[in-house]
Amino acid sequence: MKQIIGFITIILMTLILVCVQNAIANEWHQTTTMKSSLEDSIELSAPNNKNPILLTDRNGKIFSEEYVEWRDPLPLDSIPMFLQQLFLMSEDQGFFDHRGYDIAAIVRAFAVNAAADDVQQGASTITQQVVRMRFLSTEKTYERKFKELLYAAELEKQSSKEEILESYLNEMYFGNRVYGVGAAATYYFNRPLGELSEAEMAFIAAIPNNPSLYDPLRHFDRTKKRQERLIDVLQKNGVITEEESSNYKATPIELTIKKKAGNFAMYSSFVFNELTELIGEVEGYHAKLKNAASEDEKRSLHEQLRNRVADVSSNGLIIETALSSEKQRHDETALNAILRADGLQAGAVVIDNETREVVSVYGGKEYRKSDFNRAFQAIRQPGSAIKPILVYAPFFESGPYHANTPIDSSPICIGSYCPTNIGGYVYGMTTAMEAFRHSHNTAAVRLLRRVGIENAFHFTKPFNFQHVTEADYTYAAALGGFQHGVTPYELSSSYSSFIDGTFKPARSIRQVKDREGNVLYEWKDTTVDVWSSSTVSTIRDLMKDVVLNGTGRGISYTTSYTGAKTGTTDHYKDLWVAGLNDHYTTAVWIGYDQPTPIKRYSDQKIHIRAFSSLLQD
């Protein structure tokens, strides 16, 4: 009987060996050519992972996180040795001895899989797992396995063991879109990896073996049992004592799941738009765009800039901003309450007078991430709100004029252009202050003609109105009659020149840093003199008079100074107020996205109430 069993066993083993030999011959034939070419051409580059972008407010507090996959890559020397040992002992005890693959383990797995006519058993080293995560699929075929071995051998040639281990610990998947040990620590325990206990480190180490099976949010008990098995492995290999093993297993595990910060979408949208502008300025794309010879070249440059921003962002950034969280919250609440529920919208930007930074942004009621942001995307005709910038300040700069200078507000025609005043009123001689107070259109056109269109627009160059072109160099511009218009951001930024006569573009971004805290980008804006002190003093007096006696009556006067200029467009399709007090400069637009007359809202002074709320602390 024993001889029969032995004979049958020999036959079976022979069959198995034949199967193995045939499988090896087939795979060898398919991969010989590939091997010779791979050895010459493999370039094992770092993975193109997209790391999180963190936005911080003026106090350094994170208010927004942008990511699809949560990652927190760490250098190897920042990963506790205890956690390294957990993976080395459980996944690849011979890691520091082999050349990327373990021959003995491969033979064992190959024999088992050949006998089963399927791929049942793996023999992957940590190096092979890194290769699989970076370059290959997870399908269980011999072809993929041979390719994996070749890549693993090449990776060992191109990288040190420490680099491979660091990659492994930072790239493995921990479920719930979490990658790497650092990210697992902050996601599951809301603490940095270095602050986790040994028991907690062993707990997160239990997940990657099968992230679905050991998902601690759904299968906590399974994860806990695997954690205990990993602790047993460390004890068995003499890494920890029996007493330590018992203590680690007995330590309670309490998860504190990280919540993704996603506050103030209006402001973060503004920041990301500015990030593109910043990179474009620093890396010379804007200069190239100005000198582009054709539209095709411009399109190509815009595409290059978008790709560059995506590339920079994928590495993970920390963007330090000027956001005042308290003011942003206040302004959103106030304007949301003021706007009606019938689709009426608003856009506004608030600038800190002392720092010239954007501290608050209003993009529209019921704003959602990636929506149309009216603070910087709504390009609307500014109406009379442009008069201080384009008409009155250039007028005062062009001669010894002042608030009481006589101004002719009688009817005027320049060619076929015959502007009228609001309400059709006809005026005669008046003062500059009175014409400004009641926003006489006829006076504004006369002043623009006296200054000269070219000269007047020259004063606006520092403000960089993106959508104003030479086609707008007409007398209608005195009343805000542009082909396209300006944005609330542009208008508020230009009004900041009336703080003291100097101008520096208002920015939301203070610095852009990499994950190690190195500064990558920051604005290098210079402050330029725009208006003389006498012009600033006169304009401020005129805007103060508007608040006290003119079209701005009803604006709250809460500091030692408040000044403003209102603006409306034809048929009251747009309502504007721009101005400043001791603390802030702002401009607010109110209207419908599809221009519609809103005189009833003008009569209710909704724009006045909105402006007043924005000037509050």
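Q: Where is Glu 366 found in this predicted model?
A: Start with the secondary-structure elements on either side of a residue. Glu 366 is found in the loop between strand S7 (357-362) and helix H15 (387-397).

Q: Which phi does Lys 605 have, and where is its place?
A: Lys 605 is not a glycine, yet its phi is positive, at about 55°. Its place is in the loop between H21 and helix H22 (606-614).

Q: Is Lys 605 buried, exposed or partly exposed?
A: Lys 605 has a relative accessible area of 35%, so it is partly exposed.

Q: How many salt bridges does the model hold?
A: Apply a distance rule to opposite charges. A side-chain nitrogen of Lys or Arg must lie within 4 Å of a carboxyl oxygen of Asp or Glu. The count comes to 29 salt bridges.

Q: Which residue forms a salt bridge with Arg 58?
A: Asp 352 does, with the closest N and O atoms 3.7 Å apart. Arg 58 lies in the loop between strand S1 (53-56) and strand S2 (62-66), and Asp 352 in strand S6 (residues 345-352), so the pair ties together parts that are 294 residues apart in sequence.

Q: Are Arg 58 and Asp 352 buried, exposed or partly exposed?
A: Take each partner by itself. Arg 58 is partly exposed, with a relative accessible area of 28%. Asp 352 is buried, at 13%. The cut-off for buried is under 20%.

Q: Which residue meets Arg 71 in a salt bridge?
A: The side chain of Glu 69 meets that of Arg 71, at 2.7 Å from N to O. Arg 71 is buried, with a relative accessible area of 5%. Glu 69 counts as partly exposed, at 27% relative accessibility.

Q: What parts does the salt bridge of Asp 342 and Arg 600 tie together?
A: Begin with the pair itself. The two side chains meet at 3.7 Å, N to O. Asp 342 lies in the loop between helix H14 (325-338) and S6, and Arg 600 in helix H21 (residues 599-603), so the parts tied together are 258 residues apart in sequence. Asp 342 counts as partly exposed, at 39% relative accessibility. Arg 600 is partly exposed too, with a relative accessible area of 43%.

Q: Which residues are linked in a network of salt bridges?
A: Glu 283, Arg 308 and Asp 311 are linked in such a network.

Q: Which residues form a negative surface patch?
A: Asp 77, Glu 162, Glu 163 and Glu 166 form the patch. One of them, Glu 162, has its place in helix H6 (residues 161-171). Glu 162 counts as partly exposed because its relative accessibility is 42%, and patch residues need over 30%.

Q: Is His 440 buried or exposed, and where does it lie?
A: His 440 is buried, with a relative accessible area of 1%. His 440 lies in the loop between helix H16 (432-437) and helix H17 (441-451).

Q: Which residues does His 440 touch?
A: Leave out residues up to four places away in sequence. His 440 then touches Lys 387, Ser 409, Asn 421, Tyr 427, Thr 430, Glu 434 and Ala 435.

Definitions and conventions:
Residues numbered from 1 in each chain as written. Predicted model: local features only at pLDDT ≥ 70, side-chain atom pairs only at ≥ 80, totals over all residues. Heavy atoms only, no water. Patch = residues over 30% accessible without salt bridge, like charges linked within 9 Å, V, L, I, M, F, W, Y side chains within 5 Å. Areas by Shrake-Rupley, 256 points an atom, 1.4 Å probe, with all protein chains shown as cover. Lys, Arg positive; Asp, Glu negative; His and termini not counted. Charge placed at Lys NZ, Arg CZ, Asp CG, Glu CD. Helix = DSSP H or I, 4+ residues; strand = E, 2+ residues; numbered from the N terminus. Buried < 20%, exposed > 50% of the residue type's maximum accessible area, 1.4 Å probe, protein only. Contact = heavy atoms within 4.5 Å.
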